[in-house]
Amino acid sequence: MKELNNKLGYDLSNIKNFNRDYLRDQLKCYGSFINLRKLERDELEKFSKMACIDGSVNRFGSSHPHYIDVYQGLAKVSKSSLADVILSDVYSPLTSNLSDDEEDLKKKLLARIEILTGLETLKTYDLDYLLMDGNLIRYTIEDKENFDKLIGLCLEKNVLLAGFIKEPKTNILGELIFKDSQEIKLYDKDILYGILNEGEGYILDDSYNKKVDQGFSSMFLRMASYPGVTGLEVLEGQRANLYNIANLCYSLTPQMSRGVPLIIDMVDKEVKIDDKLMREIVLAYLDSDLVERFFRSERSMRR
């Protein structure tokens with residue numbers, strides 16, 4: 001571990017001009033800094049018809065194929081008087097002929113339950129904004145068919161579709177600013193750590209932003225005292241609303257936090273199925289002899 005620490009520190013120190021002033025100057029060559037602002041109460045009321053969506057998965061059982069995955073999608077509507085929308089699905093290799101890699105399949109099924117939750121929410125409530133926990137691009141990869149349906153319904157109902165990204169994993173800036181560096185691969189969140197001011201955003205010019213070609217407009221954000229950055233995506237056709245939704249996220253984020261809007265944190269917490277609940281669900285719906293035969297792991301029987 002100490003060797004890893006030394007290697008990362010050494011590689012970072014060897015990158016020429018890796019300092020805040022230089023990086024901000026370089027970033028101006030490829031995009032624009034913008035100042036976010038906290039919305040007034042009457043402005044926040046314009047976002048009252050909004051829902052936030054997240055998904056989760058938990059596993060019961062042992063090694064492949066003797067396990068059960070339960071997927072859950074949750075939509076929390078900003079008006080507290082309206083009920084949450086909850087969808088769930090169950091998967092086990094023992095009853096499926098899907099041949100995808102285990103981790104790839106988990107990503108697909110998780111994306112699917114989140115998209116279906118979004119569709120159900122739009123059919124249930126009259127909304128203006130739909131905020132997904134995570135980037136939107138992954139939906140085009142994992143479940144394009146259903147995501148196209150969600151996009152179509154959003155456009156039909158004039159609903160702004162956005163994705164909030166807690167940890168941007170792109171490496172566009174590293175390729176632009178440190179393209180000749182061989183010491184370390186830097187992701188955008190690593191480069192922007194401590195570079196943006198609190199309440200500041202950064203938007204790449206379209207000529208450098210690969211997401212534009214995929215149909216999305218995006219920006220990086222620092223919304224709290226924590227020096228790390230988050231990200232935000234909207235459909236390219238709705239990019240005129242990017243700044244407004246960024247200000248909303250900023251307004252819903254406590255200053256002394258890690259920079260995540262409260263509604264995102266609430267949904268993230270409530271959608272999770274913990275191990276105790278997972279066990280209760282399995283024992284409530286499956287015969288005990290089936291659980292023992294197919295899903296009881298050897299480790300769980302140790303004393």
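Reader: What should I know before I start?

Author: This is a predicted model, where local features need pLDDT of at least 70, side-chain atom pairs count only at pLDDT 80 or more, and totals for chains, interfaces and linings use all residues. Residues are numbered from 1 along each chain as its sequence is written, and side-chain values use heavy atoms, with hydrogens and water left out.

Reader: What is the average pLDDT of the protein?

Author: The average is 91, and 94% of the residues score at least 70; pLDDT is the predictor's confidence in each residue, from 0 to 100. Among the elements, α1 has the lowest mean, 76, while strand β6 (residues 160-165) has the highest, 98. Where pLDDT is low, the predicted coordinates should not be read in detail.

Reader: How many helices and strands are there?

Author: There are 13 helices and 9 strands. Both are DSSP runs numbered from the N terminus: helices are H or I with at least four residues, strands are E with at least two.

Reader: Why is Thr117 called buried?

Author: Buried means under 20% relative accessible area, exposed means over 50%, and partly exposed lies in between (1.4 Å probe, protein chains only). Thr117 has 0% relative accessibility, so Thr117 counts as buried. You can find Thr117 in helix α4 (residues 102-124). Leaving aside neighbours within four places in sequence, Thr117 is in contact with Ile53, Gly73, Leu74, Ala75, Val85 and Leu87, where contact means heavy atoms within 4.5 Å.

Reader: What makes helix α10 largely enclosed?

Author: Helix α10 (residues 242-251) has 8 of its 10 residues buried, so the helix is largely enclosed by the rest of the structure. Among the buried ones are Leu242, Ile245 and Tyr250. For the protein as a whole, 46% of the 303 residues count as buried.

Reader: Why is Ser48 called partly exposed?

Author: Ser48 has a relative accessible area of 27%, so Ser48 is partly exposed, because the value falls between the 20% and 50% limits. Ser48 sits in the loop between α3 (41-44) and β2 (50-61), and touches Ser78 and Lys79 if residues up to four places away in sequence are not counted.

Reader: How do you know that Glu200 and Arg24 form a salt bridge?

Author: A salt bridge needs a side-chain nitrogen of Lys or Arg within 4 Å of a carboxyl oxygen of Asp or Glu. The closest N and O atoms of Glu200 and Arg24 are 2.9 Å apart, and the pair forms a salt bridge. Glu200 in strand β7 (residues 200-204) and Arg24 in helix α2 (residues 20-30) are 176 residues apart, so the pair links distant parts of the chain. Glu200 counts as buried at 4% relative accessibility, and Arg24 is buried at 14%. The structure holds 23 salt bridges.

Reader: Which parts does the salt bridge of Asp69 and Arg59 tie together?

Author: Asp69 and Arg59 form a salt bridge, with their closest N and O atoms 2.7 Å apart. Asp69 lies in strand β3 (residues 67-77) and Arg59 in strand β2, so the pair ties together parts that are 10 residues apart in sequence.

Reader: Are these two residues buried or partly exposed?

Author: Asp69 is buried, with a relative accessible area of 1%, whereas Arg59 is partly exposed at 28%.
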